[in-house]
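Q: I would like to learn how to read features in a structure. Where do we begin?
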Amino acid sequence: MLNSNLKKETEDEKNLLESIQLTDINGNDYTFSRDKNIYIKFWASWCPTCLAGLEELDRLAGETNNFEVITVVFPGINGEKNPTKFKEWYDTLGYKNIKVLYDTDGKLLQIFKIRALPTSAIIYKDLKIDNVIVGHISNGQIKDYFEGKGENITMENNTKNIKDIYLAGGCFWGVEEYFARIDGVIDTVSGYANGSFDNPSYENVCNNSGHAETVHITYDSTKVPLDTLLKYYFRIIDPTSVNKQVMIEEFNTELVYIIKMRKINKLL
């Protein structure tokens with residue numbers, strides 16, 4: 001795993017990245033080269049923010065720049081489709097220039113300390129990881145990084161303020177859309193929490209399986225603190241309304257104060 005202090009990135013860590021072999025969506029092998037600059041976008045088919053940025057990224061990938069553009073998905077991990085299903089789905093989108101790579105082992109999740117999607121990585125020649133950025137960044141911002149004009153945000157500073165909370169407030173589609181519009185919220189994913197078994201269907205939930213429609217919210221606590229996020233939450237729910245809205249305790253790996261937490265099941 002790479003050090004948080006990118007300036008102290010070791011030769012062994014560069015060798016680790018260089019040794020990883022990925023496969024693209026058409027079955028071709030890919031390895032990281034020390035001889036070029038590389039922009040990576042990590043994304044998922046279930047991530048609305050990721051999908052909204054693909055058309056713009058396809059244009060960038062079709063241009064001639066001083067960096068290569070690649071994207072990475074994680075089939076079979078965190079709710080992503082398997083490789084066959086993903087290719088069938090992706091081919092319907094019609095993008096011509098984006099290079100999509102499969103990381104079926106999730107090795108890059110660990111190397112780049114990815115906690116939310118989309119996440120971008122700026123890599124200079126000799127596999128120097130300059131920045132890891134959570135959330136969408138535009139084509140202009142990407143170009144600025146490779147021209148030396150990007151923001152100087154280290155991996156450590158960029159990830160330590162990324163937090164997660166699971167909130168339920170009735171129909172999850174409305175809750176997801178509501179929080180997605182709040183500045184500082186990086187990603188929102190709808191699914192089911194609680195209940196006595198994993199991966200319930202909508203019919204299971206309608207038949208009183210005990211699951212609650214829940215939204216997994218990833219946010220930057222420097223932009224929207226937890227108390228502010230909860231103020232937004234209580235604007236749209238009535239905590240005295242029994243069996244209609246419920247708050248799921250926050251999950252935070254750095255400051256754990258969970259009473260109990262059950263796995264959220266993403267909708268595929």
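A: With contacts. Two residues are in contact when they have heavy atoms within 4.5 Å. Keep in mind that this is a predicted model.

Q: Which residues is Thr218 in contact with, leaving aside its neighbours within four places in sequence?
A: Thr218 touches Ala116, Ile162, Lys163, Asp164, Val185, Ile186 and Asp187. Thr218 itself lies in strand β10, residues 211-220.

Q: Is Thr218 buried or exposed?
A: Under 20% relative accessible area counts as buried. Thr218 has 2%, so Thr218 is buried.

Q: Which side chain makes a polar contact with the side chain of Thr218?
A: That of Asp164, at 3.1 Å.

Q: Let me try another threonine. Where is Thr188, and what is it in contact with?
A: Thr188 is in strand β9, residues 185-194. Its relative accessible area is 5%, so Thr188 is buried. Beyond the neighbours within four places in sequence, Thr188 contacts Pro48, Glu176, Phe179, Ala180, Val215, His216 and Ile217.

Q: Now a residue in β6. Is Ile123 buried or exposed?
A: Ile123 lies in strand β6. Its relative accessible area is 0%, so Ile123 is buried. Sequence neighbours within four places aside, its contacts are Leu17, Asn37, Ile38, Ile40, Phe112, Lys128, Ile129 and Phe146.

Q: What about Asn28: where does it lie, and what is its relative accessible area?
A: Asn28 sits in the loop between β1 (21-24) and β2 (29-31). Asn28 has 43%, so Asn28 is partly exposed. Leaving out neighbours within four places, Asn28 is in contact with Leu22 and Thr23. Its C-alpha is 9.1 Å from that of Leu101, which is 73 residues away along the chain.

Q: How do I read a helix with buried residues?
A: List them, then check where they point. In helix α6 (residues 139-146), Asn139, Ile142, Tyr145 and Phe146 are buried. These four cover an arc of only 120° around the axis, which puts them on the same side of α6.

Q: What covers the buried residues of α6?
A: The cover includes β3 (38-42), α3 (54-61), β6 (119-124) and β7 (128-134).

Q: Which residue follows α6, and what is its phi?
A: Gly148 follows α6, and the phi of Gly148 is positive, near 80°.

Q: On to aromatic rings. What describes a pair?
A: The distance of the centres and the angle of the planes describe a pair of aromatic rings.

Q: How many aromatic pairs does a search of the whole structure find?
A: The search finds 15. Take Phe42 and Phe112. Their ring centres are 5.2 Å apart and their planes are at 50°, so this pair is tilted. The pair links distant parts of the chain, 70 residues apart: Phe42 is in strand β3, and Phe112 is in the loop between α5 (107-111) and β6. Both Phe42 and Phe112 are buried.

Q: Show me another pair, please.
A: Trp43 and Tyr90 form a tilted pair, with 6.2 Å between centres and 50° between planes. Trp43 lies in the loop between β3 and α2 (48-52), and Tyr90 in helix α4 (residues 83-91), so the pair ties together parts that are 47 residues apart in sequence. Trp43 is buried at 0% relative accessibility. Tyr90 is buried at 5%.

Q: Which residue lies over the face of Trp89?
A: Lys81 does, at 5.0 Å from the ring centre.

Q: Last topic: disulfides. How do I read one?
A: Start with the sulfur atoms. A pair of cysteine sulfurs within 2.5 Å counts. The count comes to one disulfide by this rule. It joins Cys47 to Cys50, S to S 2.5 Å. The link of Cys47 and Cys50 has 80° about the S-S bond and is right-handed.

Q: Are Cys47 and Cys50 buried or exposed?
A: Both Cys47 and Cys50 are buried.

Terms used:
Residues numbered from 1 in each chain as written. Heavy atoms only, no water. Buried < 20%, exposed > 50% of the residue type's maximum accessible area, 1.4 Å probe, protein only. Helix = DSSP H or I, 4+ residues; strand = E, 2+ residues; numbered from the N terminus. Arc of directions from axis to C-beta. Phe/Tyr/Trp six-rings, centres within 6.5 Å; stacked < 30°, edge-to-face > 60°. Lys NZ or Arg CZ within 6 Å of the ring centre and 35° of its normal. Polar contact = N/O pair within 3.5 Å; in protein donor to acceptor, adjacent residues only side chain to side chain.
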